[in-house]
Amino acid sequence: MKKITADIIKQDHLVDDIYSMWIKCPSIANEAHSGQFVSLYTKNAARMLPRPISICEIDKKAGSLRLVYRTAGKGTTEFSTYKKGDTIEVLGPIGNGYSLDAHRPILMGGGIGIPPMLQLAKELSAKGVSKDNMTVILGFRDNTFLVNEFKKLATILISSDTGSVGVKGTVIDAARESGVEGDMIYACGPKPMLRAIKSYAYEKDIDAEISLEERMACGIGACLACVCKTTEKDEHSQVNNKRVCVDGPVFKIDDVEL
């Protein structure tokens, strides 16, 4: 991973508290892949810890990354004020990403876990997975975002908490209603959603990889603030824990306890 000063190419307000930021960072973009994240630093010296943001899209030719994030505190609110031409300190790429082994993948994203599914869909498409063989199930609270980008790559199903769009309920409700079939589930979202996906994957006998969302401090594996409980002992610490930032954020679903 590298820490650099990146130029902000563009920033858009998508919906509600969701923003999309493109940054120029060739050295990071060249090494990044789906499922990884970067850490962004604010310009306020009082906020020393970086904010982890998942990678939504990678343009290796242009040397840029797209970061779609939710304003959840003072740091991300500061980021939302940045304009084209501003700069931002970036550390990355960090963590392990998704495998690309599926032939009939099912991608499930909930809330701010939706953005990283877009780069994964693009990489699976580049490997030859057709639009008809890829299903993306997106779970929203209410208003949608990024849907048109996904429609270019896959068959799309939508669920929402209010029922204002798609199936009223969860991504699992949408999957059951449509009778979705596949050979691998890739997922990112809040823990209750991932817990339901684990049960669904076991029920359907489908392999799954999930990206965990945890609060992080350092983002480089030193502070142990983002450990998750695992089914096997870590070979160094000899406890059933792993660090989400560097051992994850993507894990095989059998390897973690939810």
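Predicted model: local features only at pLDDT ≥ 70, side-chain atom pairs only at ≥ 80, totals over all residues.
Y41 sits across from E89, a residue of strand β7. Four bridges hold β3 and β7 (residues 87-94) together, and the two strands run antiparallel.

**Strand β3 and its partners**

- On to strand β4, which covers residues 51-54: β3 pairs with β4 through four bridges, again in the antiparallel sense.

**How covered is β3?**

- Is β3, residues 37-41, mostly covered or mostly exposed? It is mostly covered, with five of its five residues buried.
- In a regular strand, side chains alternate between the two faces of the sheet.
- In β3, F37, S39 and Y41 lie on one side, while V38 and L40 lie on the other.
- Both of these faces of β3 are covered, and the residues on each are all buried.

- Now step back: β3 is part of an open sheet of seven strands, in the order β4-β3-β7-β1-β2-β6-β5, with antiparallel pairing.
- Which strands form the edges? They are β4 and β5 (57-59), each of which pairs on one side only.
- On average, neighbouring strands of this sheet are turned by 35 degrees against each other, ignoring direction.
- Helix α3, made of residues 115-126, packs on the sheet and touches β4, β5 and β6 (64-70).
- The direction of α3 makes about 50 degrees with that of β5.

**The cysteines**

- A disulfide is a covalent bond linking the sulfur atoms of two cysteines.
- How many disulfides does the structure hold? The count is zero.
- C25 is in no disulfide, and its nearest cysteine sulfur, belonging to C56, is 13 Å away.
- Why does C25 count as buried? Because its relative accessibility is 0%, and the cut-off for buried is under 20%.
- C56 is in no disulfide either; for C56, the nearest cysteine sulfur is that of C188, 11 Å away.
- C56 also counts as buried, because its relative accessibility is 0%.

Notes
Residues numbered from 1 in each chain as written. Heavy atoms only, no water. Buried < 20%, exposed > 50% of the residue type's maximum accessible area, 1.4 Å probe, protein only. Pairing = 2+ DSSP bridges. Disulfide = S-S within 2.5 Å. Axes fitted to C-alpha atoms, helices over the stretch in contact; angles between N-to-C directions. Contact = heavy atoms within 4.5 Å.
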